[in-house]
Number of protein chains: 4
Amino acid sequence: MGGNSFGVLFQVITFGESHGPAVGCIVDGCPAGLPLSANDINRDLARRRGGLGGSSTSRSEKDEAEILSGVYEGKTLGTPIAVLVRNKDPQPRDYDNLKDLYRPGHADWPWEAKYGFRDHRGGGRASARETVGRVAAGAIARVFLASIGIEVRAWTSEAAGVSAPGENDNAFSWDEIENNPLRMPDKAAADSATETIKNLKAQGDSAGCTVSCLARNLPPGLGEPVFDKLDARIASAMLSLGAAKGIEFGAGFAASKGRGSALNDSLVSPGIWKTNNAGGVLGGLSTGAELRFTVAFKPVSSIAKSQETINRQGEKTELLIHGRHDACVAPRAVPVVEAMTALVLADFILLQRSARVS
Amino acid sequence: MGGNSFGVLFQVITFGESHGPAVGCIVDGCPAGLPLSANDINRDLARRRGGLGGSSTSRSEKDEAEILSGVYEGKTLGTPIAVLVRNKDPQPRDYDNLKDLYRPGHADWPWEAKYGFRDHRGGGRASARETVGRVAAGAIARVFLASIGIEVRAWTSEAAGVSAPGENDNAFSWDEIENNPLRMPDKAAADSATETIKNLKAQGDSAGCTVSCLARNLPPGLGEPVFDKLDARIASAMLSLGAAKGIEFGAGFAASKGRGSALNDSLVSPGIWKTNNAGGVLGGLSTGAELRFTVAFKPVSSIAKSQETINRQGEKTELLIHGRHDACVAPRAVPVVEAMTALVLADFILLQRSARVS
Amino acid sequence: MGGNSFGVLFQVITFGESHGPAVGCIVDGCPAGLPLSANDINRDLARRRGGLGGSSTSRSEKDEAEILSGVYEGKTLGTPIAVLVRNKDPQPRDYDNLKDLYRPGHADWPWEAKYGFRDHRGGGRASARETVGRVAAGAIARVFLASIGIEVRAWTSEAAGVSAPGENDNAFSWDEIENNPLRMPDKAAADSATETIKNLKAQGDSAGCTVSCLARNLPPGLGEPVFDKLDARIASAMLSLGAAKGIEFGAGFAASKGRGSALNDSLVSPGIWKTNNAGGVLGGLSTGAELRFTVAFKPVSSIAKSQETINRQGEKTELLIHGRHDACVAPRAVPVVEAMTALVLADFILLQRSARVS
Amino acid sequence: MGGNSFGVLFQVITFGESHGPAVGCIVDGCPAGLPLSANDINRDLARRRGGLGGSSTSRSEKDEAEILSGVYEGKTLGTPIAVLVRNKDPQPRDYDNLKDLYRPGHADWPWEAKYGFRDHRGGGRASARETVGRVAAGAIARVFLASIGIEVRAWTSEAAGVSAPGENDNAFSWDEIENNPLRMPDKAAADSATETIKNLKAQGDSAGCTVSCLARNLPPGLGEPVFDKLDARIASAMLSLGAAKGIEFGAGFAASKGRGSALNDSLVSPGIWKTNNAGGVLGGLSTGAELRFTVAFKPVSSIAKSQETINRQGEKTELLIHGRHDACVAPRAVPVVEAMTALVLADFILLQRSARVS
């Protein structure tokens with residue numbers, strides 16, 4: 001499995017540089033007979049685009065997926081589903097001054113150390129635009145999961161230091177999530193965070209955030225014990241997002257301060273747990289309770305403020321980043337987190353079919 | 001790649017149940033010509049055994065590795081290195097009462113939901129004893145890494161809510177780590193945490209912890225962009241440990257509350273960074289700075305206190321766990337975290353060899 | 001690795017149905033810094049197209065590759081190279097009568113047994129058109145191999161029962177191969193075979209063939225011992241071609257009738273062998289001698305003659321296949337055999353880089 | 001997947017050098033709940049041992065498998081099944097004179113070119129003794145296949161140029177196969193071939209052979225289209241055997257001389273074919289007819305005759321091979337061919353479970 005593919009049975013490979021001709025993906029291993037259309041993909045691509053308000057990117061291109069293969073008469077064939085999204089609106093001149101500089105907080109320098117050279121335009125392959133392919137693939141996985149009743153939902157649980165209410169709080173609203181530009185489950189929190197982010201952006205700065213995710217109706221036992229555990233794979237999926245710096249499941253880091261008697265989840269009847277401190281996964285296998293985790297994202301590294309760095313000759317220099325950039329990844333990260341979660345779950349659903357002799 | 005194997009070029013597969021005849025591993029892909037002996041493995045197995053004081057397990061068996069293949073005249077052949085460790089000291093009667101019960105906080109129930117039945121003795125394959133194979137494999141990886149100057153070090157950074165000092169603190173001592181039973185870098189913190197853990201154990205309870213790890217002298221560019229990023233693979237490796245509930249790199253979760261201008265790491269000269277908030281990885285590639293991350297472990301789930309659960313018939317019942325159990329995974333988790341880190345790095349070192357045409 | 005991808009480090013995945021919007025491939029793992037253009041790919045696509053004379057297909061579309069990613073300023077980036085080839089000239093009405101019938105000698109019925117339904121147009125994914133993606137990927141592999149001096153050549157060694165001369169025969173001409181429509185290394189043999197094939201086609205019938213291949217300047221030791229041997233992988237690559245029914249290396253099937261003393265290849269100096277009965281591979285590793293093998297292809301299954309079969313209702317019926325079909329795969333199989341060989345060798349070249357500690 | 005492992009879901013990795021402490025395997029992915037004992041494995045190991053008469057090895061050790069993991073209370077757990085077979089009867093002194101020489105027809109020289117050094121004793125990892133692990137794994141696969149009614153049978157179809165009768169011939173007897181030391185289906189042919197081989201051995205020479213194999217009761221659609229076709233994987237499995245030089249399916253090489261109208265297999269009712277020239281596989285998928293193929297093996301390379309070769313210093317020298325060696329691989333190859341076939345089929349049976357949405 002190369003660095004650009006993911007999954008064992010429900011596999012995805014993404015391709016494309018930010019300012020090359022196109023981005024996209026191939027999904028291989030999606031079972032045959034699933035109703036699927038480009039609309040299923042475009043819906044999530046539109047959510048990824050975001051683009052409203054001060055917290056989002058100003059790159060306004062509309063992403064339209066073309067399904068090149070794998071679907072016939074509205075159903076998946078069992079063959080690779082190739083999805084193509086053209087890059088319509090590149091403005092490479094914005095990047096001319098970056099050609100010989102290494103942006104702080106970016107992969108520019110390590111990339112060049114690895115490969116000897118790089119496509120500097122918009123970060124090339126290391127751009128967030130690469131997630132177009134992930135979201136397209138995840139949309140296919142979500143259609144598959146929906147066909148067996150599994151639902152994946154993510155939201156911004158914190159942005160610019162402003163926390164959203166927890167799900168048990170009355171202020172938490174599932175319906176609100178897609179109603180505000182930050183995808184927070186509470187309008188008041190969203191307004192407050194948006195204000196803070198606007199101010200940061202005005203100062204040429206950016207903000208971090210956390211995104212929380214849950215998956216419902218998972219059959220118990222999903223995940224492959226030992227290395228390919230459900231939480232191990234989810235962690236891998238999330239940390240494969242450029243700006244992610246951490247993940248925790250269930251009680252997470254707080255569990256390190258607790259005691260066993262308080263944190264042990266126990267069964268009250270088969271598949272029904274008294275508590276869910278584990279976040280729906282024990283020993284790497286889904287418990288039947290909701291899968292729950294939170295991902296920490298650092299502030300966007302492309303900021304308008306002047307920054308110090310070095311150039312290709314190793315000389316110190318000052319950097320001014322032009323171009324269109326988000327000040328916080330939160331709203332766009334939400335559909336990407338959902339997409340990656342869906343890809344993991346779809347794969348484990350298929351792997352689960354081999355667990356028993358019959 | 002099945003659920004029990006890990007790695008692309010430097011691969012490991014582990015085998016064995018806690019109370020079966022043996023545990024062990026096969027390492028496939030270790031390059032030829034590396035000096036290696038059973039001692040290199042036994043040294044880390046002895047560290048994994050721990051077993052001193054109130055915070056550790058009382059299972060006292062000495063683990064001795066037998067190298068079954070892959071080494072000839074003291075050097076690796078390039079063929080699979082199979083390592084066998086016999087289970088010498090099982091006391092399966094301790095587990096008789098667990099046969100038809102599902103222990104809270106354990107994988108018992110999901111395992112049975114997946115496979116239809118299970119080896120209940122000591123958790124079977126879901127036991128921490130499985131990490132013997134990981135530590136053996138990791139020891140081989142560490143010998144390989146040492147041959148190119150790479151060092152991996154882990155320590156207990158928090159236990160039972162007691163934090164160890166940071167590395168910049170005078171109280172932090174590298175030498176102290178292996179001197180106290182908790183593997184903390186400060187005797188005072190270790191004593192305090194040990195006392196707390198003893199009290200918890202006396203109450204039939206257990207404690208959580210965090211383990212921090214760093215790797216030095218990594219060449220820049222390690223990691224495969226997009227899905228198989230360095231931090232993604234490390235995250236997968238760490239969350240594949242049964243009790244792990246979270247991981248963060250560099251500034252980690254705190255980064256979600258910070259601003260870009262404060263967190264962006266910038267170069268002062270090639271490979272030399274002003275700060276290392278990223279924890280040594282940007283865009284999934286090593287930066288040349290130290291790789292740094294912290295893993296959160298939940299309290300040990302096997303506690304002596306009476307707990308409520310259900311039996312195979314779905315009836316509520318009370319559970320009393322006998323047997324020998326740690327009250328905190330910290331000391332034994334340290335060499336396991338090092339082992340898994342070494343396995344990831346060894347694999348990426350080999351993958352790096354294919355990055356360029358010549 | 002799904003059924004549609006191939007390779008460990010130099011990987012390819014192909015996509016596309018015969019009469020869908022497009023076919024193509026992604027190559028992942030091609031090292032960075034390799035000069036590459038669409039011309040390098042189009043050259044081999046043109047060879048695959050063939051289309052001259054009575055032995056080839058009449059489907060006349062010109063295949064033009066668009067490189068969607070992975071190449072910047074004329075060099076490979078080390079990122080996935082996606083190649084798109086539009087299907088320009090489909091005539092799906094030719095296939096209307098095949099919708100509910102299962103063509104003899106084709107995968108129609110097993111495909112439907114596996115997936116529940118199929119794209120019947122031109123065989124869908126089971127069409128020879130899928131090899132466009134292979135040839136495009138193989139062209140990239142060949143550019144990489146050429147950069148280190150490795151050459152791969154294939155030719156039609158037998159067609160319609162007419163054998164080409166062996167390489168030691170004066171009649172064998174490397175230059176002739178690309179000069180005649182059958183890609184035979186001797187004009188007289190080619191003429192004779194072409195005549196036979198024309199007659200078969202006139203009778204609504206088709207012919208089988210063998211294609212031979214060699215690779216020069218391989219470093220010794222290529223191949224991974226035990227399962228992923230050089231010859232094992234080549235065999236897998238060749239039998240993955242729809243019409244292939246057999247393969248032999250070096251002395252091949254004749255070796256089964258010989259004696260050890262006559263067939264054992266021995267060294268006369270390091271890397272120089274007295275004979276090459278092994279076909280350049282011993283114990284699964286390249287010997288430094290030329291890699292040599294021959295693939296047997298069955299006659300094209302799509303024949304114009306009326307044939308008996310059954311329909312979806314299980315009733316016996318008569319089948320008449322319309323559309324444009326080769327009467328012998330030979331000329332088009334040659335570049336496909338070369339492409340697959342190149343893909344195998346490029347992968348092993350990269351794997352070889354991990355064989356030793358330093 | 002490293003060079004020493006095989007399979008996607010039903011995976012095997014083998015380990016061990018000929019004269020190291022042990023050989024064996026791990027099977028990962030065998031579904032849970034399969035009744036399995038060491039006897040199931042030992043039965044096939046005994047068949048592999050062969051050792052009767054002039055055509056077989058004189059190495060007389062009895063191979064006894066110890067199951068180290070993965071089986072509990074007589075059933076597979078779904079965890080890795082590690083199988084250990086100690087090397088009891090090595091006579092390494094026989095190999096002292098080979099330390100600095102490269103045996104003709106062996107992998108000695110390419111191995112050293114790859115890895116820099118080698119375990120010369122009995123060929124090390126390149127020894128036929130490595131197949132112990134394959135046969136052990138294959139035995140597990142066969143138990144799984146038997147549980148769903150699939151049967152795999154192989155036999156010596158030709159040895160030392162003496163052909164066994166075809167299955168339609170009255171002289172062919174399934175019962176005879178295991179009754180004669182060469183595993184031929186006809187006593188007369190076996191006697192004749194045995195005589196020829198004895199004479200060759202007396203002259204210090206060796207003989208080649210072919211082994212044929214069939215599998216019955218395969219569900220249709222087994223195999224993954226495009227690269228991981230059923231016949232592609234079988235070909236890979238067979239050519240991964242050290243002495244194999246070719247393989248053909250169904251009509252095989254003869255098909256290259258035939259015409260489509262004569263060779264096309266057609267359905268007479270669903271799953272029932274008029275002919276089986278394809279050998280049970282079309283487009284890489286099982287057809288429901290018997291899977292049929294034949295493997296060509298070269299004569300054993302270790303012959304007693306004096307041979308010319310070079311030493312490590314590159315000087316010409318004469319070689320005399322001592323030790324115990326078969327004069328023909330036929331009898332021992334039969335269970336190995338069955339084992340590898342079973343491993344392929346078990347894997348595809350599991351992969352098949354993911355073909356459709358439901």
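**Exercise 1. Aromatic pairs**

Find how many aromatic pairs the whole structure holds over all chains, and describe the pair of Phe6(A) and Phe227(B).

*Solution.* Step one: a search of the whole structure gives 34 aromatic pairs over all chains. Rings of Phe, Tyr and Trp (its six-membered ring) pair if their centres lie within 6.5 Å; planes under 30 degrees apart are stacked, over 60 edge-to-face, and the rest tilted.

Step two: the ring centres of Phe6(A) and Phe227(B) are 5.3 Å apart with planes at 35°, so this pair is tilted.

Step three: Phe6(A) sits in strand 1 (residues 5-6) of chain A, while Phe227(B) sits in the loop between strand 10 (209-216) and helix 5 (230-239) of chain B, so the pair joins two chains. Helices (H or I, at least four residues) and strands (E, at least two) are DSSP runs, numbered from the N terminus.

Step four: Phe6(A) is buried at 7% relative accessible area, and Phe227(B) is buried at 2%. Buried means under 20% relative accessible area, exposed over 50%, and partly exposed in between (1.4 Å probe, protein chains only).

Before going on, a word on the model: it is predicted, local features need pLDDT of at least 70, side-chain atom pairs count only at pLDDT 80 or more, and totals for chains, interfaces and linings use all residues. Residues are numbered from 1 along each chain as its sequence is written, chains are lettered from A and ligands numbered from 1 in the order in which they are written, and side-chain values use heavy atoms, leaving out hydrogens and water.

**Exercise 2. Chains B and A**

Work out how many residues are in contact between chain B and chain A, and what area is buried there.

*Solution.* Start with contact (heavy atoms within 4.5 Å): 105 residues of chain B meet 105 residues of chain A.

Next comes buried area, the accessible area (1.4 Å probe) that two parts lose on being put together, summed over both. For chain B and chain A it is about 7,700 Å², with 61% from carbon and sulfur atoms. In chain B, Lys114(B), Phe227(B) and Lys245(B) lose the most area to chain A, together 12% of what that side buries.

Then look for salt bridges (a side-chain nitrogen of Lys or Arg within 4 Å of a carboxyl oxygen of Asp or Glu). The rule finds eight across this interface. Glu158(A) and Lys257(B) form a salt bridge through their side chains, at 2.7 Å from N to O.

**Exercise 3. Positive phi**

Locate Ala160(A) and Glu73(B), and decide whether each is buried or exposed.

*Solution.* Most residues other than glycine have a negative phi. Ala160(A), though not a glycine, has a positive phi of about 50°. Ala160(A) is in the loop between strand 8 (151-159) and strand 9 (162-163) of chain A, and counts as buried at 16% relative accessibility.

Glu73(B) also has a positive phi of about 50° without being a glycine. Glu73(B) lies in the loop between strand 5 (71-72) and strand 6 (75-76) of chain B, and is exposed with a relative accessible area of 54%.
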